[in-house]
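The following exercises are to be worked through with the sequence and the structure in view. Each task is followed by a solution in steps.

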Amino acid sequence: MRHQNFIDRDKLYGMLDNNAPTESQLNDILNKARKLKGLNLDDVAKLLCVEDEADIQKILDTAEYCKDEIYGRRLVLFAPIYTGNACVNNCVYCGFRRDNKALKRKVLTLDEIETETLHLLRMGHKRALLICGESPRNDANYMVEAIRRCYAAKDEKGSTIRRINVELAPMSVEDYAKLKAERIGTYVCFQETYDPIEYAKFHPAGTPKADYLYRLTCMDRAQEGGINDVGIGVLFGLVDYRFEILALMEHARHLEEDYGCGPHTVSFPRIEPAEGTPFSLPENIPHPVSDKDFMKIIAIIRIAMPYTGIIISTRERPEMRDKLVKYGVSQISAASETNPGGYDEEGDNTAAKPYEKTGNTGAQFTLGDHRSLDEVISMMIDGGYIPSFCTGCYRKGRVGADFMDLAKPGLIKEFCKPNAMFTFREYLEDYASPATKEKGLRLLKELTQTFSKEDLKKRVEGNLCKIGEGERDLYF
Ligand code: SF4
């Protein structure tokens, strides 16, 4: 079944003309946002037109409030595994594009996927994102085997990957059903740009990706294939970011109206330089998004879709990532490599061994954050954040609409905060450097005192104690 286009390009661009809010309109919108019920398209269009520094700060403050009310200080960590960089497409901004002769091509064998998984496990990761270019070599059958091997890998401490998300090219309903059967978490696919006219310029004709509508409706097919946990996103820098934000809102509305549940996550990648890809150099990016605007749009999405996870990757520099988590980001990748086999090439990235960048070939883009997982966690502790590797909701079946029902009354804190603390304690026991462990345990002790319900506090203390004694994988 061919699904319909739900993006009205002219309407969305039209909403951005002279639509800056008056002071009282801005205050009304931000007061509405503080009720944690989200914002409509018109509210968001007005916020996108705000340019005044003091008014932007009001938006950021509101986002910080919403983030704190819903997510507390929890921040979910994951890492990608690039299974292959072969690609039949020619997206002008991407290092994996077919015509990039400078790129060393590789599609991992199942043994190599296991090796990459072991590197992640030995750092302390529990959540992996499998990702690759679009190629018959990475088809759904290959991904099924890749997922199985990734879940099956076990390190010396007995740790396994507990949740695999996948970021893959659009597929048929039948192929989505195959992925669903392998217990994937979130299916992620970015539209890159929702502007169909500009889309055609960046995705040359004759490639599968040139089909704008097939990509736009991939989440509809994923739903038909049984996947109700999906992640959307755009590549910022291709067109006016304000249009993209409105289009993301429209995509979320479409999913909510037609399938009863909006996206689980929205990702915010900005174009980064890629090997052999002149388009990706800063001077060639058509609509670069400044740090200031980037913070603003993350804050706007946080208050417009308060229960949707916001993801940023190691494309962003540490200073920027540390700011963005305050204003809305709820998930970050850490200690990532973006080339197939990259973790193995770098050697053993255990927490005790500082991560050293030696330069990549075969990578999709240049990284902005080269810190080890232990360094990222250490800085999170310093900022009062709780690193989380939690997969409890997914494994208890609290996903899709069920997750949203749970999240909306604010119960997310009741489950997610304790579960985050349990996975954090596991990390400290098994993988942290001595200095990180010491301050992490101190933070956990302080956090335990913040539960007002006595019975919950006791249960949390009990589980933390059991983990200290060697039990693993405890969650509510
Ligand atoms: S963006 Fe994706 S589809 Fe396009 S060239 Fe890169 S890997 Fe291939």
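Two strands are said to pair if DSSP finds at least two bridges between them. The model used throughout is a predicted one.

**Exercise 1. Strand β1 and its partners**

Determine which strands pair with β1, and in which sense β1 and β9 pair.

Solution. 
- Step 1. Strand β1 spans residues 74-84, and β9 spans residues 386-388. Three bridges link β1 with β9, and the pairing is parallel.
- Step 2. Strand β2 (residues 127-132) runs parallel to β1 and is joined to β1 by five bridges. A79 stands opposite A128 of β2.
- Step 3. A right-handed β-α-β unit is formed by β1, helix α5 (residues 110-123) and β2.
- Step 4. As to burial, eleven of the eleven residues of β1 are buried.

**Exercise 2. A residue of the nonpolar core**

State how many residues the largest nonpolar core has, and list what A128 contacts beyond its neighbours in sequence.

Solution. 
- Step 1. The largest nonpolar core comprises 130 residues. The residues with the most contacts inside this core are V44, A128, L130, I245, I298 and I300.
- Step 2. Neighbours within four places in sequence are set aside. The contacts of A128 are then F78, A79, I81, T117, L120, C150, I161 and I164.

**Exercise 3. Helix α3**

Explain why helix α3 is described as largely enclosed, and identify elements that cover its buried residues.

Solution. 
- Step 1. Helix α3 covers residues 41-48, and six of its eight residues are buried, so the rest of the structure largely encloses α3.
- Step 2. The buried residues of α3 are D43, V44, A45, K46, L47 and L48. V44 is also among the core residues with the most contacts.
- Step 3. The cover over these residues includes α2 (23-33), α4 (53-71), α11 and α12 (291-304).

**Exercise 4. Strand β5**

Describe the two faces of β5 and find its strand partners.

Solution. 
- Step 1. On one side of β5 (residues 230-233) lie V230 and I232, and on the other lie G231 and G233; all four are buried.
- Step 2. Strand β4 (residues 187-188) is parallel to β5 and is joined to β5 by two bridges. Y187 has V230 as its bridge partner.
- Step 3. Strand β6 (residues 265-267) is likewise parallel to β5, with three bridges. G231 is placed opposite T265.
- Step 4. Between β5 and β6 the chain passes through helix α11 (residues 241-259), in a right-handed β-α-β crossover.

**Exercise 5. Residue G392**

Decide whether G392 is buried or exposed.

Solution. 
- Step 1. A residue is buried if 20 or more other C-beta atoms lie within 10 Å of its own.
- Step 2. G392 has 21 C-beta neighbours inside 10 Å and therefore counts as buried.
- Step 3. G392 belongs to helix α16 (residues 392-395). Residues up to four places away in sequence excluded, G392 touches F415, N419, Y475 and F476.

**Exercise 6. The ligand shell**

Sort the residues around the ligand by class.

Solution. 
- Step 1. The residues are C87, N89, C91, C94, F96, R97, G133, E134 and K209.
- Step 2. Four are nonpolar, two polar and three charged.

Definitions and conventions:
Residues numbered from 1 in each chain as written. Predicted model: local features only at pLDDT ≥ 70, side-chain atom pairs only at ≥ 80, totals over all residues. Near = placed C-beta within 6 Å. Nonpolar A, V, L, I, M, F, W, Y, C, P; charged D, E, K, R; others polar. Buried ≥ 20, exposed ≤ 12 C-beta atoms within 10 Å, placed from the backbone. Right-handed = clockwise from strand over helix to strand, strands pointing away. Core = buried A, V, L, I, M, F, W, Y, C linked by C-beta atoms within 7 Å. Contact = placed C-beta atoms within 7 Å.
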